Amino acid sequence: MLTRDLIKALARAWYGREIDDAAATRTAATLSPLLVTHGSGPATRPFADEAAGFGGALMAGAERKADPR
Amino acid sequence: MSDDLPRMTLAAVAEQIRSRQVSAEEAVKACLQRIERGAPKLNCFFSIEAEEALAAARRADAALAKGAGVGALHGVPLAHKDVFFRKGKVATCGARICRDMIAEETATVIERLAGAGAIQLGTLHLPEFAMGPEGHNDHFGPCRNPWNADHVAGGSSGGSAAAVAARLVHGSLGSDTGGSARLPAALCGVVALKPTHGLISRHGSMPLAPSLDTVSPIARTVEDVALLTAAIAGADPKDPTTVSTPVPDYQASLQGGVKGLRVGVPTDHFHVGVQPEVLDLVRAGIRVLEAEGAEIVEFSVPGADALVNLSSTLLLAEAASIQKTWLLERADEYTPFVLNRLRPGLFIPATQYVDALRLRPRLTQEFVGQVFDRVDVLLTPLNPVAAPSIKESETGDRSDLTRPLNRATRGTRLFNYLGLPAMAVPCGFTKAGLPVGFQLAGRPFAEATLFRVGHAYQRVTDWHAREPNE
């Protein structure tokens, strides 16, 4: 879970900027629901393969034969 | 006659020009006259380029008179969301920060439309950096809905949807990163295609989140959207994400009908929060397709909420990366709403972003397998409510995700994450006279199937033919 104070500290450390309490609170609230694990498991292939795989997945999805009914 | 021209479909006016029943100059003049009357009321145009458009129309007529070969859109008046770069001109992207930025090259889609003979009449409204489904822009004022000017047109391609619905132009290009073409199209009663990732070049268009961004043709009919798509689709060496497979004959695909097609109706994720009046109109649309011979299959879509969150991760991280210097150095030039939307992206962990990308091919394959082996297309509601009033949507926290149109993106963003094609089709009006649309989605590069279903629906309904009062 991200907190207001963590966001303020990161803003200072990473970007050399101060952000106000309200903005930090809003940022933490926006990001917290996104920071969940999606069960991907450990990566067993290089990332580049996975990124390139998106195009491949689309092409495979386009070529997949539909139910012949 | 003059005012009848802009009210014709894009396909009809293109045919009239090609057969020399009307000139390109007449078509352009008629649209410009309508724009002069209608655009100020709707605030849908950022710029009107009358002299350049008339000169282009005269050139188009001269070429036709010489018997030169002409493109499919020869002489057709269009205008586009102000996110497409043209060499030597400013593309504002709806932002104060970009107001003086002159483009160094021209977007591929603009070049392709010009190559097909289309004539650009101007640039159209969008929220700052295309952020916001309600369509507000505190720099330029709100774009208004042609069906009721006290209501929003939606966003972010609200200027495109409003101009097309109001019969100011025959078609438009918008963009869609999370629903930005489909939602305003539904709210204004027009058709918009979010194409498969890789079908249409994004070179020279404003990058918001490149792994999600698409260029979206918008028009009044599915046939017109198919014509626009055919003109701009296909591989582009300047955008390496485009694919080199041949572009299908979309016009031929329109005639197939829906007999025997399986239309999937997911009743869980997509129906949450949809007003009963809107849902009734969508269900009536489903019954129309069923009566035309489609097989309706109700089922659940797996993991939709997770897909929406993964889409948000990509959107926020990529938008913040692209705009980082501005976010840090020129924050005071953003409107507070957009700054609040973009800033969280600065704090997304790299591992989270990489996970969202890494999972994408697997989740796409799973989704396609689980859904599109069972059905040919999905049909879902699009706008959970009709267009809210400008007054009500200007109040409160616009980034609140429980607001109806923000919530609506839960039904659109997953298709951007998965890279799948999806299309907005108008399906009726609320008792208050505001449009409602449904969404069709298909397997990768199945635009032809979406056109086939949408066209079959429009052949037996007349929602797309209804016109708002001036």
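Helices (H or I, at least four residues) and strands (E, at least two) are DSSP runs, numbered from the N terminus. With that in hand, let's work through some exercises.

This is a predicted model, in which local features need pLDDT of at least 70 and side-chain atom pairs count only at pLDDT 80 or more, while totals for chains, interfaces and linings use all residues. Residues are numbered from 1 along each chain as its sequence is written, chains are lettered from A and ligands numbered from 1 in the order in which they are written, and side-chain values use heavy atoms, with hydrogens and water left out.

**Exercise 1. Two helix pairs**

Task: Describe how α1 and α2 of chain A are arranged.

Solution: 
- Chain A has 3 helices and 0 strands, in the pattern α-α-α along the sequence.
- Axes are lines fitted to C-alpha atoms, for helices over the stretch in contact, and angles run from 0 to 180 degrees between N-to-C directions.
- The axes of α1 (residues 4–15) and α2 (residues 21–31) of chain A come within 8 Å and cross at roughly 110 degrees.
- Angles under 35 degrees count as roughly parallel, over 145 as roughly antiparallel, 65 to 115 as roughly perpendicular and the rest as oblique. Therefore α1(A) and α2(A) are roughly perpendicular to each other.
- In the contact (heavy atoms within 4.5 Å), R4(A), I7(A) and K8(A) of α1(A) face D21(A), A24(A), T25(A), T27(A) and A28(A) of α2(A).
- By class (Ala, Val, Leu, Ile, Met, Phe, Trp, Tyr, Cys and Pro nonpolar; Asp, Glu, Lys and Arg charged; the others, Gly among them, polar), these residues are 3 nonpolar, 2 polar and 3 charged.

Task: Now do the packing of α2(B) and α3(B).

Solution: 
- The axes are 7 Å apart, at an angle of about 160 degrees, which means that α2(B) is roughly antiparallel to α3(B).
- On the α2(B) side are A24(B), E25(B), V28(B), K29(B) and L32(B); the α3(B) side has A50(B), A53(B), L54(B), A57(B), R58(B), A60(B) and D61(B).
- The contact divides into 8 nonpolar, no polar and 4 charged residues.

**Exercise 2. Rings around F129(B)**

Task: Classify the aromatic pairs that F129(B) forms with W326(B) and Y334(B).

Solution: 
- Rings of Phe, Tyr and Trp (its six-membered ring) pair if their centres lie within 6.5 Å; planes under 30 degrees apart count as stacked, over 60 as edge-to-face and the rest as tilted.
- The whole structure holds 13 aromatic pairs over all chains.
- F129(B) and W326(B) are 5.7 Å apart centre to centre with 25 degrees between the planes, a stacked pair. F129(B) is in the loop between β3 (119–124) and β4 (144–145), and W326(B) in helix α11 (residues 324–329), 197 residues apart.
- At 2% relative accessible area F129(B) is buried, whereas W326(B), at 23%, counts as partly exposed.
- For F129(B) and Y334(B), the centres are 5.8 Å apart and the planes at 45 degrees, so this pair is tilted.
- Y334(B) lies in the loop between α11 and α12 (336–342) of chain B, so the pair ties together parts 205 residues apart in sequence. Both F129(B) and Y334(B) are buried.

Conventions:
Buried means under 20% relative accessible area, exposed over 50%, partly exposed in between (1.4 Å probe, protein chains only).
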